[in-house]
Amino acid sequence: MLSYWIVRDRNECPIGLARCDDGRVSLQLNAPLQADWTLLSDADALPFDADGEAFLADAFAVLGMREGQPVAFAAAPGAPSLACCRSRLSQICTITTEPPATAPVPEPDEALPEPEPEPMPKMPEPSADSVPVDTVDESAERAAQFSLLLTRADAFYAQCDAPVVPADSMVQKGDMDSDEGAGIDLFPQVFPRAKWRYVDGADILPHYEGFWTGPNGLRTRILAVRGHAAPRPPRALFGFSRFLRGADGNGYWIKTE
């Protein structure tokens, strides 16, 4: 499946794209960048040239290093973070550089003469006519497509970088002892007999607020925001760490206090 990963520098600024087509990855950078590039998967790491193309099954990230420090990084959606990729690369390199344990080779009784190396055959040099050259129209079309991809990527990440909603701003001050929301039983299996109410307003993210008294008598406040199941909650929901399916059939991200 064809996909594009945004390549960002150490300041998180987009500097190009990584094109991935079923494990075959190539880079499209705005400007040349001096770095040692590595293609990562769960089980392997493959060095490759920024001007070329590399193939690695189940590849999920591209890491550019210079003098031991990351200078560029691109990853597929849902891939591990930059720190995890650096750690994985270090582990793979350590395993690769460890010499295999071999049994000692006995010395021969008589030294045999070393065979003379065979001369390498000369490869024909490519002619100027065989090298493909883009026309002016093709170069302009590639630049326009690349600019459109960057615009779409910036719009997507702008939505992901929405400001964090503080939990205090999601709570309406009021008395929960009233009968408001008494008919709501959002999570009967996890929080039985909890009292819920729906909260909404001009400066408030729509959500459910509930109070539940556990078997030990401890009273817990619960905030539930409707969302989709994912490996981690949206960035805007700071402190929400649990996903539950409600009795109404919708999914909710949960925060308890």
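The talk below takes up sheets, ring pairs and cores in turn.

Modeller: This is a predicted model, in which local features need pLDDT of at least 70 and side-chain atom pairs count only at pLDDT 80 or more, while totals for chains, interfaces and linings use all residues. Residues are numbered from 1 along each chain as its sequence is written, and side-chain values use heavy atoms, with hydrogens and water left out.

Biologist: How do you know that β1 and β2 pair?

Modeller: Two strands pair if DSSP finds at least two bridges between them. Strands are DSSP runs of E, at least two residues long, and helices are runs of H or I of at least four, numbered from the N terminus. Seven bridges join β1 (residues 2–9) to β2 (residues 14–21), and these strands run antiparallel; the rule asks for at least two, so they pair. Within this pair, Ile 6 stands opposite Leu 17.

Biologist: What joins β1 to β8?

Modeller: Two bridges, again antiparallel, join β1 to β8 (residues 69–75). The rule asks for at least two, so this pair counts. Arg 8 has Phe 73 as its bridge partner in β8.

Biologist: Which sheet do these strands belong to, and what makes β5 and β6 its edges?

Modeller: The sheet is open and has eight strands in the order β5-β4-β7-β8-β1-β2-β3-β6, with antiparallel pairing. β5 (45–48) and β6 (53–55) each have a single partner strand, so one side of each is left without a neighbour in the sheet.

Biologist: What is the order of the sheet of five strands?

Modeller: That open sheet runs β9-β10-β11-β13-β12, also with antiparallel pairing. Its edge strands are β9 (195–201) and β12 (242–245), each pairing on one side only. Inside the sheet, β11 (residues 219–226) and β13 (residues 251–256) are joined over five bridges, and Arg 226 has Tyr 252 as its bridge partner in β13.

Biologist: Why is the pair of Phe 187 and Phe 191 called edge-to-face?

Modeller: Rings of Phe, Tyr and Trp (its six-membered ring) pair if their centres lie within 6.5 Å; planes under 30 degrees apart count as stacked, over 60 as edge-to-face and the rest as tilted. By this rule there are seven aromatic pairs. For Phe 187 and Phe 191 the centres are 6.3 Å apart and the planes stand at 75°, so the pair is edge-to-face. Phe 187 and Tyr 252 are also edge-to-face, because their centres are 5.8 Å apart and their planes at 90°. Phe 187 lies in the loop between α2 (136–160) and β9, and Tyr 252 in β13, so this pair ties together parts that are 65 residues apart in sequence.

Biologist: Is Phe 187 buried or exposed, and how do you know?

Modeller: Buried means under 20% relative accessible area, exposed over 50%, and partly exposed in between (1.4 Å probe, protein chains only). Phe 187 has 3% relative accessibility, so it counts as buried. Phe 191, at 5%, is buried too.

Biologist: What makes a set of residues a nonpolar core?

Modeller: A nonpolar core is a set of buried Ala, Val, Leu, Ile, Met, Phe, Trp, Tyr and Cys residues joined through side-chain atoms within 4.5 Å. The largest one here has 20 residues, and among those touching the most other members are Trp 5, Ala 18 and Val 62. Elements giving two or more residues to this core are β1, β2, β3 (24–29), β4 (36–40) and β8. A second, separate core of twelve residues includes Phe 191 and Trp 212.
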